[in-house]
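Please keep the sequence and the model side by side while reading.

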Amino acid sequence: MGNLFSPGKLLLTSEYVVLDGALALAVPTKWGQEFFFEENEDGNSMVFWEAYHQNSLWLSAEIDYKTWKIAATNLPQAAEFVLKVLQNVQKLSDIKFRSDSSYHLKTNLQFPADYGLGSSSTLMNNLADWAGIDAFELNELSLGGSGYDIAVAKAKSAILYQKTDRDRLIKAVDFNPVFMNDLIFIHLNQKQDSREGIEMYRAKPKSPELIEAFSWITEEVMTCENLEYFSQLMEVHERKLSNFLGIKTVKEKYFENCPVFVKSLGAWGGDFVMSTKFTGFEDYFSGKGFHRFFSWDDLIS
């Protein structure tokens, strides 16, 4: 049985505006998704799919890929999504699902499904690697989005990412700021629907100046050498996006009396936020009901 691995991701700058060409910085997480695969020439044209969450079985499905019918499953809605994605793999691949072999495919998500670290993007990248197809094409057919998460899964490193009308810029970078041990990541105890957030963002008129402002912040973050200036950049980032979206920042919503910056990562309203350590930070965040927080070395690859 062969196996593949793709890391999860966190988007540190330019959430939402990355969709319209802003330069963004994203980093890979230590956790990701494993993919195990085996092909049997048995003439049955079946897919036996098992999806595990942290080594516990979550979804099982048997799919006949000649008729694209689900023969058996414990979660019909999730199995329908898998079927749709595998159909897209077939469209893009010259070799997979073209014979009458059966496939035993198993995934294992190493992080809790509500963490928002890329359960879908890691799956897309693993399937694309396995099938020898373009992960961005598979993602576009199956889910949409800016593609930065696919880029992180492919590069397995921090990246600068910029999407234009004709192309995408992907540059692997070393991002290990001197103050990284002062940074912390706090989970907000809920999964945010990124597609819902994207729809809200897309409904608003954008300007070239808005995109340029966030690209500038990303460039400054890349060269920033002290925590004080980094903190200022994060505050500016939050305020600019808050003003544009017309919604409160995560600090205004949950951490109004916090003595340091708190920045949303990815779609606003859930998943992870980034902040910095201060005296008593563990008690502060726990007291607000947020008990899952991680250091840079805990989370970032």
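## The buried side of H7

Buried residues (under 20% relative accessible area, 1.4 Å probe, protein chains only) of H7 are Phe-230, Ser-231, Leu-233, Met-234, His-237, Glu-238, Leu-241, Ser-242, Phe-244 and Leu-245. They lie on the same side of H7 because they span an arc of only 165° around the axis, taken from the directions from the helix axis to the C-beta atoms. An α-helix has 3.6 residues a turn, so residues three or four places apart point the same way. Glu-228 and Asn-243, both exposed (over 50%), sit on the face turned away from the buried side.

The model is predicted: local features need pLDDT of at least 70 and side-chain atom pairs pLDDT 80 or more, while totals for chains, interfaces and linings use all residues. Numbering runs from 1 along each chain as its sequence is written, and side-chain values use heavy atoms, without hydrogens and water.

## The ends of H7

H7 covers residues 227-245 and is a DSSP run (H or I, at least four residues), numbered from the N terminus. At its start, a side-chain oxygen of Asn-226 comes within 3.2 Å of the backbone nitrogen of Glu-228. After H7 comes Gly-246, with a positive phi near 75°.

## The lining of a pocket

Which strands each supply at least two residues to the lining of the second largest pocket? They are S3 (46-53), S4 (56-64) and S6 (102-109); strands are DSSP runs (E, at least two residues). Among the lining residues are Trp-49, Glu-62 and His-104.

Methods
Expected span 1.5 Å × (residues − 1). Polar contact = N/O pair within 3.5 Å; in protein donor to acceptor, adjacent residues only side chain to side chain. 1 Å grid on protein atoms, 1.4 Å probe; cavity = no way out; pocket = protein on both sides within 12 Å on 5 of 7 lines; lining within 4 Å.
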